[in-house]
Structure formats: structure tokens, C-alpha cells
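Hello,

Here is the structure I said I would pass on. My notes on it follow below.

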Amino acid sequence: MKRVRSGRRERRSRALLFRILIFVLEILLVVILAYGVSTFFLRSVTMRENSMEPTISSGDTLLMNTLAYRFGSPGRRDIIAYRNTDEEAENLHIKRIIGIPGDTVQIVNGQIVLNGETYLDETFPAMVDPGLAIDPITLGDDEYFVLGDNRNGSEDSRYASVGNVRKKRIAGKIWLRTWPIGKFGGLK
């Protein structure tokens with residue numbers, strides 16, 4: 001009788017140990033997956049400028065898809081995070097793509113003229129300073145013309161300090177606001 005009880009205890013102990021081991025492995029797998037997703041796919045970015053008002057406010061926390069443009073190209077109206085130089089440590093800037101490779105961009109009477117036609121997707125006030133875009137700017141094979149949604153309060157492709165943004169300097173596509181919680185959701 002003692003042997004039967006002892007055998008049952010051993011089986012229960014082994015079963016319990018097996019369940020604990022499976023639980024630890026599941027936790028480890030979740031941690032590894034979370035690390036992989038956060039390292040190779042998503043990155044949290046905080047808006048530090050007011051150049052994207054009213055779409056994005058200073059202090060908003062956003063999620064950036066870092067793989068979005070490894071397999072495709074940025075599109076017109078995408079909101080992107082980019083660097084002004086090739087230095088990885090440089091701060092990210094967030095703006096909207098207006099012109100894509102091959103486009104000709106100009107600002108005439110405060111309005112964007114894209115490939116000879118007034119850009120009708122605009123709902124923002126007229127721009128006071130056209131900057132470099134007072135003359136037509138034709139974008140090269142890997143160049144993008146970006147503007148902040150706060151057209152009159154943004155340092156963007158109109159200025160020599162930024163200029164056209166090369167694809168290799170684009171860190172990713174901004175696609176979700178996570179904070180403040182009241183504004184949680186996708187961005188257009």
C-alpha cells in the first residue's frame with residue numbers, strides 16, 4: 001500500500017514540476033516575442049515639436065512601424081519619422097510626405113502645387129513662407145518632400161536645414177497614437 005501511495009506522490013510531483021516548467025517556458029517565450037516585436041517592428045516615439053498640430057500634439061506618444069518601408073516605399077500623405085543626418089543617435093522628426101520621387105513640388109500663393117496642379121488634399125491654412133519651394137523642386141529617385149501639418153510653424157523640406165528627405169533617413173511610418181488615452185487611435 002505504501003508503494004502505491006509513494007508512486008502516486010511521485011507522479012503528482014512530476015506532473016506539478018512539468019506544469020511549472022511549461023509555465024516558465026511560456027513566460028520566456030512571451031518575453032522573447034515582445035522583445036522581438038519592440039526591437040524589430042514597433043518603436044514608441046514621443047512628439048517633441050508642435051509642427052504637426054492639430055494632427056499630433058507635442059507630448060503625444062506614437063507607435064512607429066520600423067519595417068513599413070523595408071519592403072515598400074513611403075507614400076504621399078504618410079506620416080513618417082526621419083533624421084536630418086545619417087547619424088542613428090540623432091533625434092527623430094515627424095512630418096507628412098507631400099512629394100514622392102519624381103514629383104515636382106512648388107508653393108504658389110501659399111498653396112502646394114504638385115506636378116503642375118494645385119494639391120487638393122489640403123485642409124490647412126495657406127503657407128506664409130514658401131521657402132525653397134518658391135521655385136519648383138523636382139525630387140530625385142530616393143527623395144521625399146515633407147511638411148508639418150502646422151504649415152506656418154514647421155521646419156520642413158521648404159528650408160535648407162531639412163531639404164528633401166532621403167529614404168535611408170526615414171526611420172519608419174507613424175501609424176498609431178497611444179497617449180493621451182483619450183486620443184488613442186490610428187492617424188490619417
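Buried is used here for a residue with under 20% relative accessible area. Glu143 has a relative accessible area of 15%, so Glu143 counts as buried. Please keep in mind that the model is predicted.

Glu143 belongs to strand β9, which covers residues 143–147. A polar atom of the Glu143 side chain lies 2.7 Å from the backbone nitrogen of Gly140. The side chain of Glu143 also has a polar contact, at 3.5 Å, with the side chain of Asn164. Apart from neighbours within four places in sequence, the residues in contact with Glu143 are Gly99, Ile100, Pro101, Thr138, Asn164, Val165 and Arg166.

The next item is strand β2. This strand runs over residues 61–65, and five of its five residues are buried. Thr61, Leu63 and Asn65 lie on one side of β2, with Leu62 and Met64 on the other, and both faces are covered.

β2 has two pairings to look at. Strand β1 (residues 42–46) runs antiparallel to β2 and is joined to β2 by five bridges; in this pairing Leu42 stands opposite Asn65. Strand β11 (residues 170–179) is likewise antiparallel to β2, again over five bridges, and Ile174 in β11 is the bridge partner of Met64.

Last, the surface. A nonpolar patch there is formed by Leu16, Ile20, Phe23, Val24, Ile27 and Val31, which together have about 560 Å² of accessible area. Of these residues, Val31 lies in helix α1, residues 2–40.

Regards

How values were computed
Residues numbered from 1 in each chain as written. Predicted model: local features only at pLDDT ≥ 70, side-chain atom pairs only at ≥ 80, totals over all residues. Heavy atoms only, no water. Patch = residues over 30% accessible without salt bridge, like charges linked within 9 Å, V, L, I, M, F, W, Y side chains within 5 Å. Areas by Shrake-Rupley, 256 points an atom, 1.4 Å probe, with all protein chains shown as cover. Salt bridge = Lys/Arg side-chain N within 4 Å of Asp/Glu carboxyl O. Helix = DSSP H or I, 4+ residues; strand = E, 2+ residues; numbered from the N terminus. Buried < 20%, exposed > 50% of the residue type's maximum accessible area, 1.4 Å probe, protein only. Pairing = 2+ DSSP bridges. Polar contact = N/O pair within 3.5 Å; in protein donor to acceptor, adjacent residues only side chain to side chain. Contact = heavy atoms within 4.5 Å.
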